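Please take a look at the fold and core of this protein chain. The sequence and structure come first.

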Amino acid sequence: MAKLSILLYPSPIIRKKSAPVTAIDGELQRFIDDMVETMYAAPGMGLAAPQVGALRRVIVLDPSDDRTAHVPIALINPVLVAGEGQIVDEEGCLCIPDLNEPVSRFKHVTVKAYDRNEKEIVLEGADLLARILQHEIDHLDGVLFIDRLSTAKRLLLKRRLRKGAQRSSPS
Ligand SMILES: [Zn+2]
């Protein structure tokens, strides 16, 4: 396994739409293993392929409290098929370090996907699991959690993030 590097906002790649996976082969299995390793090392509760520069519809996540158990969920071509209720909670993203903002999300979701054994699965999640699923599936469409904030807040943040990016860029 190999750790992959995580792209940082405002990388143009994380704004692109990812393509569906057409073959669950050995290469994809190795890629999923690398994503899992990268997620735990970050550390993060979820990771989407575009965050490591691959525009393919793959996400990995682990919402468990005991993260030493390492029981990751890998989803291929995940689709949000139902959402219910609304809940606001703090959210962050590995592509935008040191930023946490309250985001409104569905409280319960149903997601259809393929697992890494090519089995079609239906996953139901509430609260944290539902939030991670929505956040990671958004990444596959180039959507970041900051896009889901109020317009005023988003403008303010984008200005701040732009300044931050300029400050940290090498001269
Ligand atoms: Zn993210």
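What follows covers the overall fold, the strand pairing and the nonpolar core.

This is a predicted model. Three helices and five strands make up the secondary structure of the protein chain. From the N terminus, their order is α-β-β-β-β-β-α-α. The C-alpha atoms fill a box of roughly 45 × 40 × 30 Å along the principal axes. The radius of gyration is 16 Å, which agrees with the value near 16 Å for a compact globule of 171 residues. Buried residues account for 29% of the 171 residues. Among contacts between residues at least 6 apart in sequence, 62% join residues at least 24 apart.

| Strands | Direction | Bridges | A bridge partner pair |
|---|---|---|---|
| β1 and β2 | antiparallel | three | Gly 46 and Leu 61 |

Is β2 covered on one face or both? Both faces are covered. Val 58 and Val 60 are buried on one side, Ile 59 and Leu 61 on the other.

Now the core. The largest nonpolar core has 32 residues. Met 35, Leu 47, Ile 59, Val 60 and Leu 133 touch the most other members. Two or more residues each come from α1 (26-41), β1 (46-48), β2 (58-61), β3 (73-93), β4 (96-114) and α2 (127-139). In soluble globular proteins, nonpolar side chains tend to be buried together. Beyond its neighbours within four places in sequence, Leu 133 is in contact with Val 109, Val 111 and Gly 125.

How values were computed
Residues numbered from 1 in each chain as written. Predicted model: local features only at pLDDT ≥ 70, side-chain atom pairs only at ≥ 80, totals over all residues. Core = buried A, V, L, I, M, F, W, Y, C linked by C-beta atoms within 7 Å. Buried ≥ 20, exposed ≤ 12 C-beta atoms within 10 Å, placed from the backbone. Helix = DSSP H or I, 4+ residues; strand = E, 2+ residues; numbered from the N terminus. Contact = placed C-beta atoms within 7 Å. Pairing = 2+ DSSP bridges. Rg over C-alpha atoms; globule rule 2.2 N^0.38 Å.
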